[in-house]
Amino acid sequence: MTRVNVILLVILVACALSLVTSRNQARRLFVVLEHEQAQGRALETEYGQLQLEQSTWGMPARVEKIAREQLRMQLPSAARTDVVALPEAKGVTR
Amino acid sequence: MRNRDAAPLVLPRFRSPVVFGALALLFTILLGRSLYLQWFDNEFLQGQGSARHSRELEVPAHRGRIVDRAGEALALSTPVRSLWAFPDKFDATPGQIAALAAILETTPHRISARLDANEDFAFIAKQVAPEIADRAMALRIPGLHDQNEYRRFYPGGEVTAHIVGFTGDRDTGQEGIELAQQAWLAGIPGSRRVIINRRNEAVEDVAAIRAPQAGRDLALSIDARLQYLAFRELKAAIELNKAKAGGLVILDVKTGEILALANWPTYNPNSRNKVVPAMMRNRALTDTFEPGSTMKPFTIAAALEAGRVRPDTVIETSPGTLTIGSATIHDAHAEGALTVEQVIQKSSNVGAAKIALGLPSATLWEMFSNAGFGTPPKTGFPGEQSGRLRPAKSWRPIEQATMSYGHGISVNLVQLARAYTMFATDGEVKAATLFKTETFVAGRPVLQPETARAVRHMLELATSPGGTAPRAQVPGYRVAGKTGTAHKVEGHGYGNKYVSSFVGFAPVSNPRLVVAVMLDEPSAGQYYGGAVAAPVFSNVTGSALRMLGVPTDAPLNNVILPPQGSEIREET
């Protein structure tokens, strides 16, 4: 009888300790999760800013300004344009 | 220990039951109270307990983006932070304020001024980048708090301002699509309950109370490249002609989508300090004007449909005036006998009026109404106007005559562009929309295909050297269109101010785009639609067709301009 009781006691203590450790582990993992989620939000913020940056840099108004003013590009006039008809394209005239 | 020598203590017999009973009663009360607290009145204590160890956190949800048809962002939200304080609890050393000012790129004096301005609550910095806010919070100034917010940015700035609109406080739409599509774009913030430790860090999730719902993205029919092109050309034309205002609309003939919608004057939605309401109006949709001669093709179409005339029927327009009752109609340019085709080509008011007077007023009204005049265009934009088309019964003959060339009726620019889809297609009017349309859109048949083709041919003649708008021609593409030069109504009559317009489409062999241009009060000498608005049409249409990769349908040397000064003029 005593032996059974001792065994049960040992099992009980083991269970209690494992509960404590798993609880502790759960909390620690949760902190990690929170941290990762915060990082996710930070990355989302950065993504939004990058999107904004991309569309701001890529706006046609800005592209054209640089092309005209810095690169000194210009649209060719109709007189200097040649339309090449592909053999299979029908209805395209020179 | 009991003293044996003492006399035995005689206790009253009831004493022990009374003590026992009293103690039992007290225990019962305690037990009852604890049972009551445990099972019946548990809310208060549980609430107090969880208030000490759990907290409800808001989970932010961002507002959806507005993108153009290719996915280019026209409006998007990025997280920002605002720093605030209760001035009486704000307790910083001068050194800390100096450090804060350095981080926020301001002066310590300004920060103090903000704190002094309001006793209860003060923003130290509004909507700053998150990393700046982090650095400011790292100073650990007592009483300095921060809050998360979203700020809306508009990369397109003044180019797309009128279509997209803007949001006001608390991220709600105030103008344009931002207002109309508030429910679709808005995100619903969620919340969750967590257990916190004594350092206020969340250590365990208890429950998600509400899942956050992010706002949905919205794709517009606008093509950012064409929008910029339209804006640039419109702005250049307004500066060249010293016009007061203007608008330009590009419609896709196949789907009815609005590919570009530019207005002047405009504003920058990203900084609205100096904006007056007049700049914010989307004139192409919310303002109406008398269209003038751009209405003539509808009159002619009604007469062709009714079988009253054929394209080669001859109408006598000399001596260039027509008197109806007490009023007289003038042509800017007296012509002799003109065919119906030439009435459009040379834009004869007398010719159009004579054709209109040969029709029942109900027939003309039906044509205008079917073309979409007098009803709002239903593009999905808030506050669009329907224009004015009075019921046919109330028309007097002089009104029927003037309406045939676009006076006594008012329209907005999108209505006008949409109505022209009936000539660009084989007689179908397509519903104009501001939203991207993936599927094929069937139009509403209004004209017989033969009528549509006949009018299309007349409109092409109008842009040829004998017409009113040779300057609308585009190298490499056949174009068709009609000018308008309308006197503006001032007070009770017509003054010497004009609205110059041009509506046309291209390429004629298989129309893809309808382009409508309107300039309000050009005042640099020129005011004829053919001189002011047609060149804008030419530039925009040519570039737009090339950008879209539409095959050319004419030789590149197709543009033939008449000698200077010999252009056909028109008034109305």
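Predicted model: local features only at pLDDT ≥ 70, side-chain atom pairs only at ≥ 80, totals over all residues.
Beyond its neighbours within four places in sequence, B:Pro445 is in contact with B:Gly427 and B:Glu428. The C-alpha atom of B:Pro445 is also separated by 8.4 Å from that of B:Asp426, a residue 19 positions away along the chain.

## The three-stranded sheet

Chain B contains an open sheet of three strands in the order 1-6-7, paired in the antiparallel sense. Strand 1 (54–59) and strand 7 (202–210) of chain B each have a single partner strand and stand at the edges, so one side of each has no neighbour in the sheet. On average, neighbouring strands of this sheet are turned by 30 degrees against each other, direction ignored.

Within strand 6 of chain B, B:Ile195 is the residue opposite B:Ser54. Helix 1 of chain A packs on this sheet, where it touches strand 6 and strand 7 of chain B, and its direction makes about 65 degrees with that of strand 7 of chain B. Helix 2 of chain B (residues 42–53) packs on the sheet as well, touching strand 1 and strand 6 of chain B; the angle between its direction and that of strand 1 of chain B is about 65 degrees.

## The interface of chains A and B

Contact between the chains involves 28 residues of chain B and 27 residues of chain A. The size of an interface is often given as the accessible area lost when the parts come together. Here chain B and chain A bury about 2400 Å² between them, with 60% of it on carbon and sulfur atoms. On the chain B side, the residues that lose the most area to chain A are B:Val203, B:Tyr228 and B:Leu556, which together account for 23% of what that side buries.

Two salt bridges are found across the interface of chain B and chain A. A salt bridge also joins the side chains of A:Glu34 and B:Arg192, at 3.0 Å from N to O.

## Helix 5 of chain B

Helix 5 of chain B spans residues 130–137, and its buried residues are B:Pro130, B:Ala133 and B:Ala136. Viewed down the axis of helix 5 of chain B, these buried residues fall within an arc of 120 degrees, so they line one face of the helix.

The elements covering the buried residues of helix 5 of chain B include helix 1 (2–57) of chain A. From chain B, the cover includes strand 3 (73–85), helix 3 (94–104), strand 4 (122–128) and strand 5 (144–153).

## The five-stranded sheet

A further open sheet in chain B has five strands in the order 10-9-19-18-17, with antiparallel pairing. Its edges are formed by strand 10 (258–264) and strand 17 (480–490) of chain B; each has a single partner strand, so one side of each is left without a neighbour in the sheet. From one strand to the next, the twist averages 10 degrees.

Strand 17 of chain B runs antiparallel to strand 18 of chain B (residues 493–506), and 10 bridges join the two. B:Ala486 has B:Val499 in strand 18 of chain B opposite it. Helix 9 of chain B (residues 224–241) lies across strand 9 (245–252), strand 10 and strand 19 (513–520) of chain B, and runs at about 30 degrees to strand 10 of chain B.

How values were computed. Residues numbered from 1 in each chain as written. Chains lettered and ligands numbered in written order. Heavy atoms only, no water. Contact = heavy atoms within 4.5 Å. Buried < 20%, exposed > 50% of the residue type's maximum accessible area, 1.4 Å probe, protein only. Helix = DSSP H or I, 4+ residues; strand = E, 2+ residues; numbered from the N terminus. Arc of directions from axis to C-beta. Pairing = 2+ DSSP bridges. Axes fitted to C-alpha atoms, helices over the stretch in contact; angles between N-to-C directions. Buried area = accessible area lost by both parts, 1.4 Å probe. Salt bridge = Lys/Arg side-chain N within 4 Å of Asp/Glu carboxyl O.
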